[in-house]
Amino acid sequence: MVKAYVSGDYRIVPWQTIVKIIAVLIYFVSPIDLIPDVLPAIGLTDDLALILWLFNALSGDIRDFELWEKTKAELVETTINLD
């Protein structure tokens, strides 16, 4: 999806999705952490929770992309069969 977006093939990504991805990336590179990672076992729980939230939040967009990709592949296959 990222590759198709960067190449300009797929631009149907809502701005809210882009903001969510950027916010999560900023959180991961930021030295400020809700629960410090040095705490054994629980230190990474906030990071894991954030990743799970992001995947859940993006699931609809990922489904839409997969549908677009499948439709595009079927179109190409149909075009090849017509030749």
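Author: Rings of Phe, Tyr and Trp (its six-membered ring) pair if their centres lie within 6.5 Å; planes under 30 degrees apart count as stacked, over 60 as edge-to-face and the rest as tilted. This is a predicted model, where local features need pLDDT of at least 70 and side-chain atom pairs count only at pLDDT 80 or more, while totals for chains, interfaces and linings use all residues. Residues are numbered from 1 along each chain as its sequence is written, and side-chain values use heavy atoms, with hydrogens and water left out.

Reader: Which residues do ring pairs link into a cluster?

Author: There are four aromatic pairs in the structure. In one of them, the ring centres of Tyr10 and Phe65 sit 5.0 Å apart with planes at 75°, so that pair is edge-to-face. Ring pairs tie together a cluster of Tyr10, Phe65 and Trp68.

Reader: What does Tyr27 count as at 22% relative accessibility?

Author: Tyr27 pairs with Phe28, their ring centres being 6.2 Å apart and their planes at 75°, so this pair is edge-to-face. Phe28 has a relative accessible area of 35%, which makes that residue partly exposed. At 22%, Tyr27 also counts as partly exposed.

Reader: How far is Arg11 from the ring centre of Tyr5?

Author: A charge sits over a ring if NZ of Lys or CZ of Arg is within 6 Å of the ring centre and within 35 degrees of the ring normal. Arg11 lies over the face of Tyr5, and its distance from the ring centre is 4.3 Å.

Technical notes. Buried < 20%, exposed > 50% of the residue type's maximum accessible area, 1.4 Å probe, protein only.
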